Amino acid sequence: TELIKSCIVNKAIDVGQMLSGDRNTLMVAIRSEGYGHLYDVEVRCAACGESAEQQFNLNEFELKPLELAPLEVGKNEFPFRLSKCGKNVTFRFLTGRDEEDIVATQENRKKGLKGGATVIDDSLILQLQYALVSVEGNYSKNDISNFVRTMFARDSQELRKYIQKHQPGINMVQNITCPHCEHTENGVAMPIGINFFWPNQ
């Protein structure tokens with residue numbers, strides 16, 4: 001967040017309110033301009049389990065434009081009908097601040113645990129709670145939270161897939177071939193580590 005803030009010329013732009021996809025696109029552009037478009041990172045092969053250094057070409061990533069029509073021009077709200085329960089919902093694409101809040105919520109839960117207990121990973125539930133704006137015209141955050149926790153698994157999966165499919169931004173995937181077993185895997189997501197902005201560290 002601080003990196004994007006420092007690189008944006010128009011300081012009136014609220015970086016936290018930018019869509020996650022837009023922030024990712026900016027991150028890739030900043031990295032490409034600063035250190036070049038080639039990014040070397042270790043990737044584990046899904047076939048043999050061995051790790052090897054792979055090179056991702058940042059200039060070859062495809063941009064994903066927004067193709068859905070919002071309920072209101074310029075507003076981050078979109079309609080969707082859940083097939084199992086038949087309810088009409090409104091969702092929005094997550095912003096950078098949403099993602100930071102989700103991480104902070106999970107970290108706070110971990111800190112509150114006692115006796116070595118483990119926290120349940122409910123990141124998908126949290127993401128839907130932040131993404132849903134209304135259910136059948138009901139905008140109550142408490143009602144939406146309860147709805148997400150009790151919704152049918154099929155509805156949850158369909159909505160998450162729909163949001164992911166239409167999320168605007170940049171498609172950070174590439175085909176790679178394992179040097180150990182020569183297995184070629186298509187559409188491998190680029191891992192982002194500390195060396196993305198600080199190469200050879």
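The second largest pocket is lined by Arg92, Gln129, Tyr130, Leu132, Val133, Tyr139, Lys141, Ile144 and Ser145. The model is predicted. About 240 Å³ of space lies in this second largest pocket, while the largest pocket has a volume of about 1,000 Å³.

**Second largest pocket**

- Helix α4, strand β6 and helix α5 each supply at least two residues of the lining of the second largest pocket.
- Helix α5 provides the largest share of that lining, with three residues.
- By residue type, the lining of the second largest pocket divides into five nonpolar, two polar and two charged residues.

**Largest pocket**

- The largest pocket, with its volume of about 1,000 Å³, is lined by 37 residues.
- Of these, Ser20, Gly21, Asn24, Glu99 and Gln167 are the closest to the centre of the pocket.
- At least two lining residues come from each of α1 (2–7), α2 (20–35), α4, α6 and β7 (169–171).
- Helix α2 gives the most to the lining of the largest pocket, namely nine residues.
- The lining of the largest pocket is made up of 20 nonpolar, 10 polar and seven charged residues.

**Helix α4**

- Helix α4 spans residues 123–131.
- Its buried residues include Ser123, Leu126, Leu128, Gln129 and Ala131.
- Gln129 is also one of the residues that line the second largest pocket.
- Among the elements that cover the buried residues of α4 are the strands β5 (88–91) and β6 (132–135).
- The helices α3 (96–111), α5 (141–150) and α6 (153–166) also take part in covering the buried residues of α4.
- Helix α4 supplies at least two lining residues to the largest pocket and at least two to the second largest pocket.

- Strand β1 covers residues 38–44, and strand β2 covers residues 51–57.
- The two strands run antiparallel and are joined by seven bridges.
- Leu38 in β1 stands opposite Asn57 in β2.
- β1 and β2 form a hairpin with six residues between them.
- In the turn of this hairpin, Gly49 has a positive phi of about 85°.
- The covered face of β1 holds Tyr39, Val41 and Val43.
- The uncovered face of β1 holds Leu38, Asp40, Glu42 and Arg44.

Technical notes:
Residues are numbered from 1 along each chain as its sequence is written. This is a predicted model: local features need pLDDT of at least 70, side-chain atom pairs count only at pLDDT 80 or more; totals for chains, interfaces and linings use all residues. Side-chain values use heavy atoms; hydrogens and water are left out. Buried means under 20% relative accessible area, exposed over 50%, partly exposed in between (1.4 Å probe, protein chains only). Helices (H or I, at least four residues) and strands (E, at least two) are DSSP runs, numbered from the N terminus. Two strands pair if DSSP finds at least two bridges between them. Contact means heavy atoms within 4.5 Å. On a 1 Å grid over the protein atoms alone, a cavity is a set of points where a 1.4 Å probe fits but cannot get out, and a pocket is an open set with protein on both sides within 12 Å along at least five of seven lines; lining residues have an atom within 4 Å of a point. Grid points are joined across faces, edges and corners, and a volume is the space filled by probe spheres set on the points. Ala, Val, Leu, Ile, Met, Phe, Trp, Tyr, Cys and Pro count as nonpolar, Asp, Glu, Lys and Arg as charged, and the others, Gly among them, as polar.
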